[in-house]
Amino acid sequence: MFSSLSGRAAVLHVWMLLVRSMAEGAEKDAAGRYLRNCIVETMWDDVTTRAKKLAASNPSAVKPQIQMLSEQFQAALISYDEGVCFDDKALAAALWRRFFSGHCDDYEKLELLVKYVRKQMSMLDQLSRYDFAIKPKVQWLPLVDKPSV
């Protein structure tokens, strides 16, 4: 899952939700931590269900694959956290490693991805607690804006 482009994009979006959920953790009830844990648990339930369906003929292959995915997920979270805490260069480096495996001939694509993450994170930060956690209304921005006609 995480090695495909859609898998890497899913991890990136889950990470953005986790960052936003932790903004809810400022309260004493640790709502953000609970929300973060629910997101991660739901993701892993989905991964496990899909893996079992794909490996129905070889169930012993599921556990090592899930372990590998877990390690990749943890590495991505650390990389993105580091990237977003510093500057666009650090975020670009994290995205370059995760999405382009360190090989990117078209740096405009990398710049586009950095801008997308910053815009999406800003949009998520602007959501109220109600619109994010209670009755979620999360809208994912398009990677590329459609030209106005």
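Predicted model: local features only at pLDDT ≥ 70, side-chain atom pairs only at ≥ 80, totals over all residues.
Residues are numbered from 1 along each chain as its sequence is written, and side-chain values use heavy atoms, with hydrogens and water left out.

The protein chain contains six helices and zero strands, where helices (H or I, at least four residues) and strands (E, at least two) are DSSP runs numbered from the N terminus. Read from the N terminus, the order of elements is α-α-α-α-α-α. The C-alpha trace spans about 50 × 45 × 35 Å along its principal axes, and 34% of the 149 residues count as buried, a class defined by under 20% relative accessible area, with exposed meaning over 50% and partly exposed in between (1.4 Å probe, protein chains only).

Helix H1 (residues 5-22) and helix H2 (residues 31-54) have axes that come within 7 Å and cross at roughly 160°, the axes being lines fitted to C-alpha atoms over the stretch in contact and the angles running from 0 to 180 degrees between N-to-C directions. H1 is therefore roughly antiparallel to H2, given that angles over 145 degrees count as roughly antiparallel, those under 35 as roughly parallel, those from 65 to 115 as roughly perpendicular and the rest as oblique.

Ala 93 belongs to helix H4 (residues 88-100) and is partly exposed, at a relative accessible area of 27%. Between Ala 93 and Ala 9 there are 84 residues in sequence and 16 Å in space, C-alpha to C-alpha. In the loop between H4 and H5, Ser 101 adopts a positive phi of about 50° although it is not a glycine, and its relative accessibility of 48% places Ser 101 in the partly exposed class.

Leu 112, in helix H5 (residues 107-126), is partly exposed with a relative accessible area of 32%. Together with Leu 143 and Val 144, Leu 112 makes a nonpolar surface patch of about 240 Å²; such patches are made of residues with over 30% relative accessible area and no salt bridge, nonpolar side chains (Val, Leu, Ile, Met, Phe, Trp, Tyr) being joined within 5 Å and like charges within 9 Å. Accessible areas come from the Shrake-Rupley method with a 1.4 Å probe, and for residues only the protein chains shown count as cover; a salt bridge is a side-chain nitrogen of Lys or Arg within 4 Å of a carboxyl oxygen of Asp or Glu.
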